[in-house]
Amino acid sequence: MSDRLINLTLHVWRQTGPDEPGRFETYQAKDITTHMSFLEMLDVVNEGLIERGETPIVFDYDCREGICGSCGIVVNGEAHGPQRRTSTCQVHMRQFQDGDELWLEPWRASGFPIVKDLMVDRSAFDRIMQAGGYVSIRTGSAPEANELPVAKELADKAMDAAACIGCGACVAACPNASASLFTAAKVAHLSLLPQGQPERADRVRKMVAQMDAEGFGGCTNHGECEAACPKGISLDWIARMNRELVRAMVKSEKPVQARDR
Amino acid sequence: MELRSNEPTGPIDKRWSNHKEAGKLVAPANRRKHSVIVVGSGLAGGAASASLGEMGYNVKCFCYQDSPRRAHSIAAQGGINAAKNYQNDGDSVYRLFYDTVKGGDFRSRESNVYRLAELSVEIIDQAVSQGVPFAREYGGLLANRSFGGAQVSRTFYARGQTGQQLLLGAYQALSRQIEAGTVEMFPRTEMLDLIVHDRRARGIVTRDLTTGEVSTHIADMVVLCTGGYSNVFYLSTNAKGCNATAVWRAHRRGAAFANPCYTQIHPTCIPQAGPYQSKLTLMSESLRNDGRVWVPRNKEDVTKPPEAIPEADRFYYLEERYPAFGNLVPRDVASRNALYVTNDGLGVGPEVDGERRGVYLDFKDAIERLGEQTSRERYGNLFEMFQRITGDNPYETPMRIYPATHYTMGGLWVDYNLQTTIPGLFAGGEANFSDHGANRLGASALMQGLADGYFVLPFTVGNYLGDVRNLPPLADDHPDVQAAVSAVEARIDKLMNAPYPKHPPEHYHRKLGRIIWTKCGMSRSKEGLEEALREIPELRDEFWREVKVTGSGAELNQTLERAGRVADFFELGELMCIDALDRKESCGGHFREEYQENGEALRDDENYSYVAAWDWTGNASEPQLHKEPLTFEYVKPTKRSYK
């Protein structure tokens, strides 16, 4: 319980809309207790801005316990900030020193247009999911759950992949702004399980086609995605997705069509 | 107004199937002619949208988050109950029904609860087929655990992320329907009013949170699955954005609000560290299996490091007061006792607003008994979470915990079909009041959200539409529609232009939360509630006079969003206190200090065995009470005792 008060200088990316020019604005965050979370620190700065009649900094947030995937700020060049396997909302101010200067930026990727300030549009992820990230099972038509045993090892691996929170840090951290880790995690989750087999080939082709159509870059194995991922999603899933894709293309020559953005 | 529950009669295990057989249907070819609005995309809303879309209805689904995958159902850790009896330990649909009625302290409707227990088994089948990676045994079959003191192992789980995985299952099903074109999704869109025409719910007024644009959406019916209202307390385990605006706007348009005073306080949350705190984080209740709860026996020890306090000066208050159950007493008992010891000045941890609101949860003995390795396996992720948030290492020093609001059992009053008192307006999941009575059992929230979304609403929506058939079209320029739009615009204008702008909405929300938490929280008294009922309207007036929102309403404006939600919390908070004052008994999550027997809650079945459904009268301070009497044919009310 070592409680410290620190002062910080924040350089925050301010941009009023997707097509407006942006710039860094400088703010002082004063008397910040180190027990605050990073977003609470921004709340305090914002309340001060409102009190002074200024426009507060826009950023996405919701659960503030690292599971909803809403938040995401690049802090001093690192997606989600300095703490490993931790989303922005779970970074606490004890990670910083008195007098630190912090540069706050939004996720930067052509697949994630800026909405305002630090908020971006991640609907591309939803469209990748809509392209095939599911098992087609009608409500009410499911067989008895224990009719189909799944080896514990497979179920555990599927769970590792399914832990993705869809925050987009992988894209923000990647020098190519690739969405491969996100897409690969869902491909892996469903292709590992017996329930995902009937649509296995179609799913990977459609999801990858949509990912490409959204303007994300390709994967060149930098591994920055895994390092930035708050849930520790493994880079290995990308290799698996590539194998799945080759396997699927060998099986079918039917072209797949991505949806327009 | 007469409250008609529309419960089927006859043997309880046949009621749901008989009801379905007697219900109306819409033929497949006619479904696309019907449009349904679903507000909320969590377990209930996401599952309902996906299922209704799949059946062929035209669905529009709305959520305030940037993606339907982020609804707060995602944060549920523990698990989901289902009466599968895979463990051969004597579980059954009847036993889950019985436990849920008893757990709700005999304040829920038997028919609804039985249906919930019945549907629990289908939910697991559905989720597994979607690819939800539940925990499994080495033989490949599904694993279970016992949860929240249940005597059987009926809880299914996916590590500590059960809510996330079930929500992603529903989200994936919803994504499939969006791709198929049966569901149109409106993320970053908030419902700000309900459109009622010819006494039926026919649409909603929304604000696009990105552009600020106010629009109308007309449909044949509206389903609200917008979650609970724990954020009325300002600090709760809910996501920051969780709000009651949709249900409150519906209430103001005529939907009765039931049992608002039934709120659940979870005993094991990380205590507040300072006045800036934005939310509280829950830690799994499983911690109480091995951790020992204590505070210093002497006030002068509360600032000492815990290691410096000798064993004899430690007050293991749960073990002393409840020798049979010890640290595993039910949630409300554990929470209330933490309140009492901190009221006595024995709380530990940082001082916030002049009080130390925390108690120790000590793993020293457990680590000695189990070894560090086993402790790490059982609790490692929770210890890590605690350390990330507080900076303290639970392997070396006791954790600190304190209760926090976690779930709200109250909500919009609904009949057996989940229809509110406005025809054509339905409510599912935490947004309705229906299944948990005065208290909710662990691992039952996910079950109820999905039962409503996958199985109840898809039938009852069809039953309603099959009954009303072809509703006359409603034009955007109809006076009923325009009146709702004007009301929304006027309210935005009022929030943007308070006469004496001083502070952002959080300032008032914190004060409101403080009133509700101390006077309508874990322990309530006539005196405290009456005080709250004087303070809330005063603070509300201050809010409307002084709230400061910068920027404009015609753009993305997060301060404006929060201001609107806080304004509704003021009215709902007042109703909670009115309801708590009316209920002169203690039951479930509602504990009235005047009604206890040797420290145990004292229910009054003779006078209070009813659902309190409140009607909006135009004056937030004078709602009208209607009572739905509760009868118990199967589970006879008994007294709880944990001594």
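What share of the contacts in chain B with a separation of 6 or more is accounted for by residues 24 or more positions apart? In this predicted model, such residues account for 73% of those contacts.

**View 1. Chain B as a whole, shown as its C-alpha trace and secondary structure.** Chain B holds 17 helices and 23 strands, and its C-alpha trace spans about 75 × 65 × 50 Å along the principal axes. A compact globule of 643 residues would have a radius of gyration near 26 Å, and the value for chain B is 24 Å, so the two agree. Of the 643 residues in chain B, 60% are buried.

**View 2. The antiparallel pair of strands E7 and E8 of chain B.** Strand E7, which covers residues 200–208 of chain B, runs antiparallel to strand E8, residues 214–218 of chain B, and five bridges join the two. One position to look for in this view is B:Val205, whose bridge partner in E8(B) is B:Thr216. Five residues lie between the strands of this hairpin, and in the hairpin B:Gly212 takes a positive phi near 85°.

**View 3. The side of chain B that touches chain A.** The contact takes 64 residues from chain B, while chain A contributes 66 residues. Several helices of chain B each supply at least two residues of this side, namely H3 (43–55), H5 (110–130), H6 (162–180), H11 (364–390), H12 (445–468) and H16 (558–582). The largest share comes from H6(B), which gives nine residues to the side of chain B that touches chain A. Sorted by class, this side of chain B is made up of 21 nonpolar, 27 polar and 16 charged residues.

**View 4. Helix H6 of chain A and the helices against which its buried residues pack.** The buried residues of H6(A) are A:Arg203, A:Val204, A:Arg205, A:Lys206, A:Met207, A:Val208, A:Gln210 and A:Met211. These buried residues pack against three helices of chain A, which are H2 (123–132), H5 (180–192) and H8 (236–251). Just after H6(A) comes A:Gly215, which takes a positive phi of about 90°.

How values were computed
Residues numbered from 1 in each chain as written. Chains lettered and ligands numbered in written order. Predicted model: local features only at pLDDT ≥ 70, side-chain atom pairs only at ≥ 80, totals over all residues. Pairing = 2+ DSSP bridges. Helix = DSSP H or I, 4+ residues; strand = E, 2+ residues; numbered from the N terminus. Rg over C-alpha atoms; globule rule 2.2 N^0.38 Å. Buried ≥ 20, exposed ≤ 12 C-beta atoms within 10 Å, placed from the backbone. Contact = placed C-beta atoms within 7 Å. Nonpolar A, V, L, I, M, F, W, Y, C, P; charged D, E, K, R; others polar.
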